[in-house]
Amino acid sequence: MKTHDKIMDYRKRRGYTLEKLGNLVGVDALTIDKWESGLEAPDAEQLKKLGEIFGCGYEKLLPEPEEQEEPEPEWGFEWTSRRHFRGMPLVDINIRPLRKAEGIIAIGFFAKGIVSIGVLSMGIISVGLLSLGLLAAGFLSMGLYVVTAGIGLNLFNAFWPWIETAWAFLTAGSRISPYD
């Protein structure tokens, strides 16, 4: 209970009107009304006088410490290694919905790292439902080397004819081959 609620409660228990309590404390009825509505607060001297009038110590009029509600714990797991390499944690695991894990080794819903495992993953070696990387594995994957159970775009195979054509154009008339 807050101070303004307590002042109103004690005043009503004692049967005082705003004017009568104001006269006893030495303030007007409007000031008592502001205290009870929480717009203003009595100073220390006025609080002591109120405590004497109500027959309780001024400590009883002070607000009670509010009990803080403990936040509902989120399900999942989160851990980040203390060791870092060039500003990135060596390992970052964040297995919570719609949370990101970033590290050399990243495991999480959104994972980004050299080795990444997650629903959406991006890295050199990437494993996930949707994955992008040099070596990518997952249902929807895109990379130079792809292992997929669904739709995969192997960039190496997709771009190899263009690479061969560009190589042939650049090395026209020479004996250099992309297969050497």
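This is a predicted model: local features need pLDDT of at least 70, side-chain atom pairs count only at pLDDT 80 or more; totals for chains, interfaces and linings use all residues.

Me: Okay, and what does Asp-9 form a salt bridge with?

Reply: The partner is Arg-13, and the closest N and O atoms of the two are 2.7 Å apart. Both residues sit in helix α1, which covers residues 3-14. They are four residues apart there, about one turn of the helix.

Me: And Arg-13, is that one buried or exposed?

Reply: Arg-13 counts as exposed, because its relative accessibility is 58%, and the cut-off for exposed is over 50%.

Me: Nice. How many salt bridges does the count come to?

Reply: Six salt bridges. One of them joins the side chains of Lys-34 and Glu-40, at 3.7 Å from N to O.

Me: How accessible are Lys-34 and Glu-40?

Reply: Lys-34 has 28% relative accessibility, so it counts as partly exposed. Glu-40 is also in the partly exposed class, at 39%.

Me: Which residue does Lys-112 meet in a salt bridge?

Reply: That would be Glu-102, with 3.9 Å from N to O between the side chains. Lys-112 belongs to strand β6 and Glu-102 to strand β5 (residues 100-102), so this pair ties together parts that are 10 residues apart in sequence.

Me: Switching topic: how much space lies in the largest pocket?

Reply: The largest pocket holds about 160 Å³ of space. It is lined by 14 residues, and Leu-120, Ser-121, Met-122, Leu-130 and Leu-132 are the closest to its centre.

Me: Where does the largest share of that lining come from?

Reply: From β7, which gives 10 residues. Both β6 and β7 supply at least two residues each.

Me: How many of the lining residues are nonpolar, polar or charged?

Reply: Nine are nonpolar, three are polar and two are charged.

Me: How does anyone see where empty space is left?

Reply: By rolling a probe the size of a water molecule over the atoms.

Me: Where is Ile-114 found?

Reply: Ile-114 is in the loop between β6 (105-112) and β7 (115-154). With 40% relative accessibility, Ile-114 counts as partly exposed, and patch residues need over 30%.

Me: Last one: is Cys-56 buried or exposed?

Reply: Cys-56 counts as buried, because its relative accessibility is 16%, and the cut-off for buried is under 20%. Cys-56 lies in the loop between α4 (44-54) and β1 (77-80).

Me: And how far is Cys-56 from Tyr-10?

Reply: Their C-alpha atoms are separated by 9.6 Å, while the two residues are 46 residues apart along the chain.

Technical notes: Residues are numbered from 1 along each chain as its sequence is written. Side-chain values use heavy atoms; hydrogens and water are left out. Buried means under 20% relative accessible area, exposed over 50%, partly exposed in between (1.4 Å probe, protein chains only). On a 1 Å grid over the protein atoms alone, a cavity is a set of points where a 1.4 Å probe fits but cannot get out, and a pocket is an open set with protein on both sides within 12 Å along at least five of seven lines; lining residues have an atom within 4 Å of a point. Grid points are joined across faces, edges and corners, and a volume is the space filled by probe spheres set on the points. Ala, Val, Leu, Ile, Met, Phe, Trp, Tyr, Cys and Pro count as nonpolar, Asp, Glu, Lys and Arg as charged, and the others, Gly among them, as polar. A salt bridge is a side-chain nitrogen of Lys or Arg within 4 Å of a carboxyl oxygen of Asp or Glu.
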